[in-house]
Amino acid sequence: MILLSGDIRKDTISSYIETAQANGIEVVSAGSKGIEKADSFVDYTVPIPYENAGELMADWGIVKTQGKINALVVNCTDSELSPTIFSGFKKEFEKYVSAEDGSCTIVNATSIELGNGLANKIKTAIENNRRINYIFVFDDGAVNDAISATVQAGSDVKIVATGGSTEDMDLAQSGSIEMLVAHSYEWTAYAMIDYAMRLNAGLTLPTEMCVPFRVLTKDVIKKAIDDYHDNDYEGFYEICF
């Protein structure tokens, strides 16, 4: 059995997948399209609810503004994960925000534009609509573009992002982004192994794997660090893992 994780690019590995399958080796991917859509080029897809990250991001902005939210969404269209998170965000936003109370402006971008022109697109969107009070970034590669755009536009708009890298944590710790929805690659690995063992044993496969998402802010990270320094490892691990 072969397990694939991350933002899988079918075009770069399709021949290897086909060779494995031709030799009777099952290929399993960690789904980046959410629980509703399986990857078509593998035998099984682990259903990870990345839509929940988008819902959580929307809920944060809605609560913080008491429903008076004018959102700017940065959606990376050629990423497997970004559109999935956006779908969860869009569903939650439309459920709770009326046209009278708020709005949602969408900036679509490709991976080529990250760090190469995307900041200008975001800056222009902010300048064209000064009512925008939150930016939501669904690909951590675009976070620095969003930060740069707010500085250039002289705007105090808040940024909410998703990601799991150490740089993302640093930006949340410094307050450069107000909130980070962090997903643990460790828990994704647990979910994949659990799914693979169930598959190998002929057990019923779950329709959704419960991979947790963490809400991290400057204050939450400070508490985690303080707990660690105070030898309160239980509190530290509860926040971080």
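This is a predicted model: local features need pLDDT of at least 70, side-chain atom pairs count only at pLDDT 80 or more; totals for chains, interfaces and linings use all residues.
## A sheet, its helices and its aromatic rings

Tyr-190 and Trp-187 both belong to helix 7 (residues 185-201). They sit 3 residues apart there, so about one helical turn separates them.

**Aromatic pairs**

A pair of aromatic rings is described by the distance of the centres and the angle of the planes. The structure holds 7 aromatic pairs. Two of them are set out below.

| Pair | Centre to centre | Angle between planes | Arrangement |
|---|---|---|---|
| Phe-89 and Phe-93 | 5.6 Å | 25 degrees | stacked |
| Trp-187 and Tyr-190 | 5.3 Å | 85 degrees | edge-to-face |

Why is the pair of Phe-89 and Phe-93 stacked? Their planes stand at 25 degrees, and planes under 30 degrees apart count as stacked. For Trp-187 and Tyr-190 the planes are 85 degrees apart. Planes over 60 degrees apart count as edge-to-face, so that is the class of this pair.

Phe-89 and Phe-93 lie in helix 3 (residues 81-96). They are 4 residues apart, which means about one helical turn lies between them. Phe-89 is buried, and Phe-93 is buried as well. Both belong to one aromatic cluster, together with Phe-86, Tyr-134, Phe-136 and Phe-138.

**The sheet**

Strands of a sheet pair through backbone hydrogen bonds, either parallel or antiparallel.

Strand 4 and strand 6 (residues 134-137) run parallel, joined by 4 bridges. Val-74 has Val-137 of strand 6 as its bridge partner.

**Two residues in the strands**

Start with Asn-75. Asn-75 lies in strand 4 (residues 70-76). Is Asn-75 buried or exposed? Asn-75 is buried, because its relative accessible area is 6% and the cut-off is under 20%. Its side chain makes a polar contact of 2.9 Å with the side chain of Ser-82. Beyond its neighbours within four places in sequence, Asn-75 is in contact with Ser-82, Pro-83, Phe-86, Val-107, Asn-108, Ala-109 and Phe-138. Among these, Phe-86 and Phe-138 are members of the aromatic cluster.

Now take Cys-104. Cys-104 is found in strand 5 (residues 103-109). With a relative accessible area of 32%, Cys-104 is partly exposed. Leaving out neighbours within four places in sequence, Cys-104 is in contact with Ala-71, Val-73, Phe-89 and Phe-93. Phe-89 and Phe-93 are the stacked pair from the table.

How far apart are Cys-104 and Asn-70 in space, C-alpha to C-alpha? The distance is 5.8 Å. Along the sequence, Cys-104 and Asn-70 are 34 residues apart.

Key
Residues are numbered from 1 along each chain as its sequence is written. Side-chain values use heavy atoms; hydrogens and water are left out. Buried means under 20% relative accessible area, exposed over 50%, partly exposed in between (1.4 Å probe, protein chains only). A polar contact is a pair of N or O atoms within 3.5 Å; within protein, one must be able to donate a hydrogen and the other to accept it, and residues adjacent in sequence count only if both atoms are side-chain atoms. Contact means heavy atoms within 4.5 Å. Rings of Phe, Tyr and Trp (its six-membered ring) pair if their centres lie within 6.5 Å; planes under 30 degrees apart count as stacked, over 60 as edge-to-face and the rest as tilted. Two strands pair if DSSP finds at least two bridges between them.
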